[in-house]
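Try each task before you read its solution.

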Amino acid sequence: MEWIILAISAISAIYILYHAYIGVVGNLKELEPIPYAAPGKRLALVIPARNEARVVGLLIDSLNKQRYPRELFDIYVIPNNCIDDTEQEARRAGAHILHCPEETHSKGEVLHHTFAQLLESERAYDGFVIFDADNIADSGFLQVVNNAMAAGYQVGQAYRDSKNPDDSWIAGCTSMFFWFMNRFFNHPRAALGLSASLNGTGVMVGADFLRRHGYNTTTLTEDLEFSAQCALAGEKIAWMEEAIFYDEQPLKLKDSFIQRRRWAAGSRQCAQKYLWSLFACAPKSKLCLDVAMHFLSVYTVILGLVPVVLTIATLVRRMATNFGQGIEEALYLIAVLFASSFFSGALITLIVCSLETKLRKQRMTEVMTLGWFMMTWLPINLIGFLWRPPTWTAIPHTNDIGIEDCERQNVPIRPLAKKETSL
C-alpha cells in the first residue's frame, strides 16, 4: 500500500512541478505589453443573457463609456430562455437584440448561432468580444482588444477581476482563484510564448478564425473546449492583461459548489474528448502539450485522492488492532492536514495579492479561509469525475455597482500608454 501511495505521489509531483516551473520561470521573465495600434478594428460585443435583467444594463453602460470610437463597435444581447425583463432592460440601455433561430440549451449553442448570424452582417466585423451579462468593462478594454488584433492575434483572453471580493468569504476566495489564474497561469504562459486559457468571458475571437474553424462546442465548459480547439488549430491565445473587466462572484457556498461542479464536470468532458488528440500533436506543438497538461489535472486530482483513501483504510485497520494508537495517528494527520491547508492558503493569498497590487486589510478574510476553500475542491472534483454532468443551474447575480465604483476600488495592472489615454 505504501508503494502504491509513493507511485501515485510521484506522478502527481511531476504534474505539479510542470505547472510550478511555468508559474515561477514565467513570472521571472518580463512580459512585453501588446503594442498600441490606432483604432480601426470593427467589433461586435456579444452578451448571452439568461434572466439577467438586474445587471445587464450596468455592463452595457460600461461598454458605452469605452475610450474607443463608438462607430467601430456594436453591442448585442442574446436573451435565451428568459422569464424576466432581460430583453427590455437591454433595449433600454441601448443594445441591439438577437434571437437564436432555435431552442438552445447551453452558452456554446447560443454563441454558435450568434456568430453564424453576425458573420453575415453587412457591418463586416473584424472580431467579436464575449461578455457575461454580470460583467462590467474597464474603459480602456476595447482599445486593448484592437491592439491585440492589430498585432495578429485572432483569439484573446482579458484580465478577469472581481466586482465584489468583499461581499462574503466565498466571493473573496473565488476572486482569489481568478487572481491566482491571472498571475500564475496566464501571465507566465504569455511571457514564455504559450497560450492563455480562455475562461468563458472577456474573450476576443477574430472573424477570420471563425470563418475557418467555426464555433462548435458541446461540453459544459465551452471556454476550455475552445482553448483545446485553438491549440489543435495552431492558434496562440493572446493574454490581454491590460483589458480589465470585473465579474460578479457567488456569495454562498451552495452557489459556489454548483458553479465549480459544472467546471469539474466540463473539464472531465473536455479531457475525454480532446486529451489524446492533444498528446498526439504534442511532439510538434508546445501549445497542444500545454493544454494537454492542463486537462491532465482531471486525472491527477483523482489520483491524488487515492492516497487519502488508502491512508484512511490503513487507519481503520490500525484502529481495529490498536484503537488508541489508531486514534492518535488519525488526530495527528487531521491536524497536519488542517495546518498545511491553512498556511498554504495564507501564503498563496499574500503572494498573489502582493503581485496583483490587491494587498489590503480586507484580504485578511482570504488569509484565514482560502485553505478551507481549497479543501472543498476535493469533493467537488470527485463528484464531477464520478457523477453524470449536471444540468445548467442559474446562479443569481444581484450586485448593482457600476464601472466607476470598480475603477475606484481596484488598481489597474499597468497604466495605459499615453496614446491610449488620449482617446
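**Exercise 1: a helix pair**

The axes of helix α11 (residues 297-321) and α12 come within 6 Å and cross at roughly 150°. Classify the pair and find the residues in contact.

Step 1. Two packed helices are described by the angle between their axes and the distance between the axes. Here axes are lines fitted to C-alpha atoms over the stretch in contact, with angles from 0 to 180 degrees between N-to-C directions. Helices are DSSP runs (H or I, at least four residues) numbered from the N terminus.

Step 2. Angles over 145 degrees count as roughly antiparallel, so α11 is roughly antiparallel to α12.

Step 3. With contact meaning heavy atoms within 4.5 Å, α11 contributes Thr311, Leu315, Arg318, Met319 and Thr321. From α12 come Phe323, Gln325, Gly326, Ile327, Glu329, Ala330 and Leu333.

This is a predicted model, where local features need pLDDT of at least 70 and side-chain atom pairs pLDDT 80 or more, while totals for chains, interfaces and linings use all residues. Residues are numbered from 1 along each chain as its sequence is written, and side-chain values use heavy atoms, without hydrogens and water.

**Exercise 2: Lys286**

Is Lys286 buried, partly exposed or exposed?

Step 1. Locate Lys286 in helix α10 (residues 286-295).

Step 2. Its relative accessibility is 49%. Buried means under 20% relative accessible area, exposed over 50%, and partly exposed in between (1.4 Å probe, protein chains only), so Lys286 is partly exposed.

Step 3. Beyond neighbours within four places in sequence, Lys286 touches Leu192, Gly193 and Leu194.

Key. Helices (H or I, at least four residues) and strands (E, at least two) are DSSP runs, numbered from the N terminus. Angles under 35 degrees count as roughly parallel, over 145 as roughly antiparallel, 65 to 115 as roughly perpendicular and the rest as oblique.
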